Amino acid sequence: MDRNQEIALTQMRKSVEKLGSSTQSYGEKTLMRFLIARSMNPEKAAKMFCQWKKWRAEMVPLGYITDSEVADESAAEKVYLQGLSKNGYPVAIIKLNKHFASKDQVQFKKFVVHALDKTIASSFNGREIGNEKLIAILDLQNITYSNVDTRGLITGFQFLQAYYPERLATCYILHMPQFFVTVWRFICRFLDKATQRKMRIVVSEEQKQGFIREVGEDVLPEEYGGRAKLVLLQDVVVNY
């Protein structure tokens, strides 16, 4: 860590205290994610950090979302957790053709948190470092208009931006049908520039081969050019 980062961290800690909160139980790598997300502005990072702490306390009072709280969303079997990529990032696959807009928005939001927390936790064994990232694969194959949940997608990305800063390494989008292009352009209005830069729409054969190389054949299921089998999110056991 260079001198400028050390200074920014010190200023952020002081700003958090001024806002009536504390960074005492959080390491430098965790705090750096908030600083990076706010362009190394200590005051803005402190505000984001305090909002995140308040949100976590309300949304995840136990520190994690239990399986029973998201049973209906899990039953759709739409999220898979594949292990670690070549760079050591956990790989989550979302099959959009198995998703339908939820009538229970509270449970849906909890499921988003459950899936993100479990994906991140799968990258470490019992002790979080604070700077873990994840790879998301959004598979749009065989989707119909009934699977298009614009509100749900925006919620997922906004949660990532606001409450999981610098957690997303890359989001690959596969099999995007023509009718979804307009929907995606609308969703992109809600994504900040940093998030948009992490999006990879895989279309050409060259892009597909690059996707396989970057993620790794050992964790990619066979249907995506790898050698692995699909593993349901609920079948993965992690230590939070």
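A: Gladly. This is a predicted model, in which local features need pLDDT of at least 70, side-chain atom pairs count only at pLDDT 80 or more, and totals for chains, interfaces and linings use all residues. Residues are numbered from 1 along each chain as its sequence is written, and side-chain values use heavy atoms, with hydrogens and water left out.

Q: Which residues of helix 2 are buried?

A: Buried means under 20% relative accessible area, exposed over 50%, and partly exposed in between (1.4 Å probe, protein chains only). Helices (H or I, at least four residues) and strands (E, at least two) are DSSP runs, numbered from the N terminus. In helix 2, residues 28-37, the buried ones are Thr 30, Leu 31, Met 32, Arg 33, Phe 34 and Leu 35. Their cover includes helix 1 (3-18) and helix 3. Just after helix 2, Ser 39 has a positive phi of about 55°.

Q: How are helix 3 and helix 6 placed against each other?

A: Two packed helices are described by the angle between their axes and the distance between the axes. Axes are lines fitted to C-alpha atoms, for helices over the stretch in contact, and angles run from 0 to 180 degrees between N-to-C directions. Here the axes of helix 3 (residues 42-59) and helix 6 (residues 150-163) come within 10 Å and cross at roughly 125°. The two helices are therefore oblique to each other; angles under 35 degrees count as roughly parallel, over 145 as roughly antiparallel, 65 to 115 as roughly perpendicular and the rest as oblique.

Q: Which residues make the contact between helix 3 and helix 6?

A: Contact means heavy atoms within 4.5 Å. Helix 3 brings Met 48, Gln 51, Trp 52, Trp 55 and Met 59, while helix 6 brings Phe 159, Gln 161, Ala 162 and Tyr 163.

Q: What is the order of the strands in the open sheet?

A: Strands of a sheet pair through backbone hydrogen bonds, either parallel or antiparallel. Two strands count as paired if DSSP finds at least two bridges between them. The five strands of this open sheet follow the order 1-2-3-4-5, with mixed pairing. Strand 1 (79-84) and strand 5 (199-202) are at the edges with a single partner strand each, so one side of each has no neighbour in the sheet.

Q: How does strand 2 pair with strand 1 and strand 3?

A: Strand 2 (residues 90-95) runs antiparallel to strand 1, and four bridges join them; Val 79, for example, has Ile 94 as its bridge partner in strand 2. Strand 1 and strand 2 form a hairpin with five residues between them, and Gly 88 in the turn has a positive phi of about 85°. Strand 2 runs parallel to strand 3 (residues 134-139), joined by five bridges, with Val 91 partnered by Ile 135 in strand 3.

Q: Is strand 2 enclosed by the structure or left open?

A: Five of its six residues are buried, so strand 2 is largely enclosed by the rest of the structure. Ala 92 lies in strand 2 and is buried, with a relative accessible area of 6%. Leaving aside neighbours within four places in sequence, Ala 92 is in contact with Tyr 80, Leu 81, Thr 119, Ile 135, Ala 136 and Ile 137.
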